[in-house]
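Please open the model in your viewer and follow the selections below in order.

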Amino acid sequence: MNAVIVALFMIGFTIAAYIGSLRLYRKHRRIYTTPVIVATLVIIVFLLLFNISYETYMTGGKWVDRLLGPAVVALAYPLYQHRDILRKMLVPIMTGTTVGALVGISSGLLLSKWAGFSSQIIYSIVPKSVTTPVAMSISESTGGVMPLTAVFVMIAGIGGMLIHPLVMRYSGLTHRIGRGVGMGSASHAIGTAASMERDSLEGSISTVAMILSAVIVSIIAPGLTLLLL
Amino acid sequence: MFKDKAIIIPIQIAMLYLIYLAGKGIQNLFDLFIPGSVIGLLILFTLLSFKLVPEWILQQGVSFMVRHLPFFFIPATVGIISYAYVFKGKGVLLIGIGLFSTALVMAMAGRVTQWMVKRREEA
């Protein structure tokens, strides 16, 4: 009985932390007020303050975790909504995201390998360019650590959002379709949000690239990892 | 047809869960590395594209999940408390590697796409 109450409390606390951080984000739109970051920090501080282990938290958290799978399935819908752009620009978008997937996997893997990190860390950095739920599934199936992957995904997302004006200037990325593919392939949903604020076509392309990239990376990551490691 | 969101959204999420389970089943059956969730995504995209499933059957639940996608990975992200030590000392390098690799992906994916689009526009 006690365990059930603890689990329910953890679920309730997670929902409350999310809703609270969402409200904060609506009032103060900043990179550091991104809801996942604020909610995660609030929960971590709470756990540390009351000396609660991650395992105890996860007795409730695992029920939220279980919905990650269907949440990824749901991404089929925005892809379907943008099917007209997808059809018209299929070849450039597909080629661009495939190049992005290859570059992202191999550069992350090789650089961390050359720096001498353990294979567990390397497996965790490999899927960093794709949206968190998919990255975590890839990490899980190749032997990475899911929470570490979540951090690398955040680095790719938030980092990409911060450095993209510089990257675009120095790489001569001026076309809206090219920018959208670049943002979606490199910085998933966070990049897509930044694209959406600038231009709705760029944002839509970024959405499509983000979802395609998730599919492509999950298909090629296991094989490419074996090949390069 | 349906009015009450509190009923319709959980039902539609349950339907998404079934598609996810189907994807997971296919993954296990063929011993694939592709996550079951991504196979589920492809199944749903195919069902929608061939009009085998009308949009309204899933629309509210799907939009709800997509809008609140970050919520579903909060518990996994909290797991970083067990791995914070990875980023100490030499681990700081990992942040640099992540950033550099991200910039590379953005520039390369974007440039390849831009080159192909411009060539098409000129043709």
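Begin by selecting Ser218(A), which touches Val134(A), Ile138(A), Ile34(B), Pro35(B) and Val38(B), leaving aside residues up to four places away in sequence; contact means heavy atoms within 4.5 Å. The model is predicted, so local features need pLDDT of at least 70 and side-chain atom pairs pLDDT 80 or more, whereas totals for chains, interfaces and linings use all residues. Residues are numbered from 1 along each chain as its sequence is written, chains are lettered from A and ligands numbered from 1 in the order in which they are written, and side-chain values use heavy atoms, without hydrogens and water.

Ser218(A) belongs to helix α12 (residues 200-228) of chain A; helices are DSSP runs of H or I, at least four residues, numbered from the N terminus. Ser218(A) counts as buried because its relative accessibility is 1%, the cut-off being under 20% relative accessible area with a 1.4 Å probe, protein chains only. Its side chain reaches the backbone oxygen of Val215(A) at 2.9 Å.

Next, select helix α9 (residues 132-142) of chain A, where nine of the eleven residues are buried. Among them are Val134(A) and Ile138(A), both of which Ser218(A) touches. Gly143(A) follows α9(A) and has a positive phi, near 105 degrees.

Finally, display chain A and chain B together. The contact takes 95 residues from chain A and 71 residues from chain B. Between these chains the count of salt bridges is zero, a salt bridge being a side-chain nitrogen of Lys or Arg within 4 Å of a carboxyl oxygen of Asp or Glu. Helix α10 (residues 146-171) of chain A gives the largest share of the side of chain A that touches chain B, 14 residues.

Methods:
Buried < 20%, exposed > 50% of the residue type's maximum accessible area, 1.4 Å probe, protein only. Helix = DSSP H or I, 4+ residues; strand = E, 2+ residues; numbered from the N terminus. Polar contact = N/O pair within 3.5 Å; in protein donor to acceptor, adjacent residues only side chain to side chain.
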